[in-house]
Amino acid sequence: MNSHFTLSRRAQALTSSAIREILKVTERPEVISFAGGLPSPATFPIARMQEATDKVFAEAPQAALQYGPTEGFTPLREWIAARHSRDGITVRPGQVLVTTGSQQGLDLLGKVLIDEGSKVLVETPSYLGALQAFSLFQPAFSSMRSDDEGIVVDALDEAQLRGGRFMYCLPNFQNPTGRRLPLERRRALIARARAAGVLVVEDDPYGELSYHGEQLPSLLSMDPDNVVYMGSFSKVLAPGLRLGYLIAPEPLHAKLVQAKQAADLHTPSFSQRIVFEAVQGGFLDRHIPEIRKLYGDQCELMLSALQRHFPAEAKWNRPAGGMFIWVTLPEGIDAGALLARAIEDNVAFVPGAPFFAVDPQPNTLRLSFVTVSAEKIEHGMARLGALVREEIAAAVA
Ligand code: PMP
């Protein structure tokens, strides 16, 4: 090879996601993997998507194959605005920007809000994909103290908030922990953010996946002028569509549109029209309860296996929705070293350390349960539990 190029400082700082590296190993069929973060393909509404695609081809094939507006397909933006006009607020279609997955929304927010060294407040731990997206713009992360219920709002003092460009929050069934922020904390957080003049970014791909159906009011509904909301069709329809959206105050929306124009002109007209057809007639309100039921049942299986196979020194939460359980092992146990042994034993999970913007906790790990069969959950957790016991015994010895 004889290629010559000089990487930008930004690119030099880029690293590959630790999770993607692990997923490569776990593709071997003999590995029982709790590492993936993928939704269950059993929930993809294939017949409905086929029907919607047929309708698009029958009714508007040329428009579906043509360029479209950067902001997104107008009827879909209107549908999104109407769906989020609840909890006492009205969302205007002009606030909605359709994005190529909500991951693109994170990148666009980074582009328009972060300068080198800008303070960005994040949860402890936070979504790795967001940390990666923001990192390209070289912010100074500030980690907000969090417990089993999410951000500890009382621990947020003025000094930490001062000068923050935004705080990145995942109030519902957070990735990686499965935590949900209680109502009182939501109110307190919104009040603190407003008083300090810090914009709130609410990333909410799992909000509708509450196992029992009840939803807490969004942060958006509590202060629409100071919150950017991010939604996604990935967990309620299918991630391969790459369809998400931002709801932002109009002046910020305008900037995000400019950034998106430079990035990809617009999100595919084709998938926007198909999704618009698919969601007609209240389809999601029939479909989402099926996802909730499956994920809730899978979560119970995993919790039961944890109870039976993991030692008492390990701690975990009991999620009320979403796709993840977060496990904390005793101090001194390194989940990275545990993973190396687990992979030899054909079982995988994601170590927690990469999810921390600062001060990683190496004794934590994320378990994902939605795509694994009952039998594999049982076998995999028995193996993992045995390894955890061995690691603890070795640490004590
Ligand atoms: N935010 C969070 C918290 C996520 O877990 C994910 C996907 N794993 C995304 C955003 C990105 O989702 P998508 O781009 O598929 O909408």
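Me: Is the crossing of H14 and H15 right-handed or left-handed?

Reply: Right-handed. Keep in mind that this is a predicted model.

Me: At what angle do helix H14 and helix H15 pack?

Reply: The angle is about 135°. Helix H14 covers residues 335–344, and helix H15 covers residues 374–396. Their axes are 10 Å apart. That angle makes H14 oblique to H15.

Me: Which residues in H14 and H15 meet?

Reply: H14 brings Leu 338, Arg 341 and Ala 342. H15 brings Leu 384, Leu 387, Val 388, Glu 390 and Glu 391. By class, that contact of H14 with H15 has five nonpolar residues, three charged and no polar ones.

Me: New topic. How do H6 and H11 pack?

Reply: Helix H6 is residues 101–113 and helix H11 is residues 250–264. They pack at an angle of about 110°. The axes are 9 Å apart. So H6 is roughly perpendicular to H11.

Me: And which way does H6 pass H11?

Reply: H6 passes H11 in a right-handed crossing.

Me: Which residues make the contact there, on H6 and on H11?

Reply: On H6, they are Gln 104, Leu 108, Leu 109, Lys 111, Val 112 and Leu 113. On H11, they are Leu 252, Lys 255, Leu 256, Ala 259, Lys 260, Ala 263 and Asp 264. Eight residues of this contact of H6 with H11 are nonpolar, four are charged and one is polar.

Me: What about H3 and H12, at what angle do they pack?

Reply: Helix H3 (residues 46–59) and helix H12 (residues 269–278) pack at about 115°. Their axes are 8 Å apart. The crossing of H3 and H12 is right-handed.

Me: Which residues of H3 and H12 make the contact?

Reply: H3 supplies Arg 48, Met 49, Ala 52, Thr 53, Lys 55, Val 56, Phe 57 and Glu 59. H12 supplies Phe 270, Arg 273, Ile 274, Glu 277 and Ala 278. The contact of H3 with H12 has seven nonpolar, five charged and one polar residue.

Me: How far is the polar side-chain atom of Ser 232 from an oxygen atom of the ligand?

Reply: It lies 2.7 Å away. An N or O atom in the side chain of Arg 242 is 2.8 Å from an oxygen atom of the ligand.

Me: Which atom of Gln 103 lies 2.9 Å from a ligand oxygen, backbone or side-chain?

Reply: A backbone one, either N or O.

Me: Switching to the backbone. Is the peptide bond from Thr 124 to Pro 125 cis or trans?

Reply: Cis, with omega near -5°. Pro 125 sits in the loop between strand E3 (119–122) and helix H7 (128–135).

Me: What kind of peptide bond joins Asn 175 and Pro 176?

Reply: A cis one, with omega about 20°. Pro 176 is in the loop between strand E7 (164–169) and helix H9 (183–196).

Me: Last one. Is phi of Asp 87 positive or negative?

Reply: Positive, near 50°, in a residue other than glycine.

Me: Where does Asp 87 lie?

Reply: In the loop between helix H5 (74–83) and strand E2 (96–99).

Notes:
Residues are numbered from 1 along each chain as its sequence is written. This is a predicted model: local features need pLDDT of at least 70, side-chain atom pairs count only at pLDDT 80 or more; totals for chains, interfaces and linings use all residues. Side-chain values use heavy atoms; hydrogens and water are left out. Axes are lines fitted to C-alpha atoms, for helices over the stretch in contact, and angles run from 0 to 180 degrees between N-to-C directions. Helices (H or I, at least four residues) and strands (E, at least two) are DSSP runs, numbered from the N terminus. Angles under 35 degrees count as roughly parallel, over 145 as roughly antiparallel, 65 to 115 as roughly perpendicular and the rest as oblique. A crossing is left-handed if the near helix is turned anticlockwise from the far one by less than a right angle, and right-handed if clockwise. Contact means heavy atoms within 4.5 Å. Ala, Val, Leu, Ile, Met, Phe, Trp, Tyr, Cys and Pro count as nonpolar, Asp, Glu, Lys and Arg as charged, and the others, Gly among them, as polar. A polar contact is a pair of N or O atoms within 3.5 Å; within protein, one must be able to donate a hydrogen and the other to accept it, and residues adjacent in sequence count only if both atoms are side-chain atoms.
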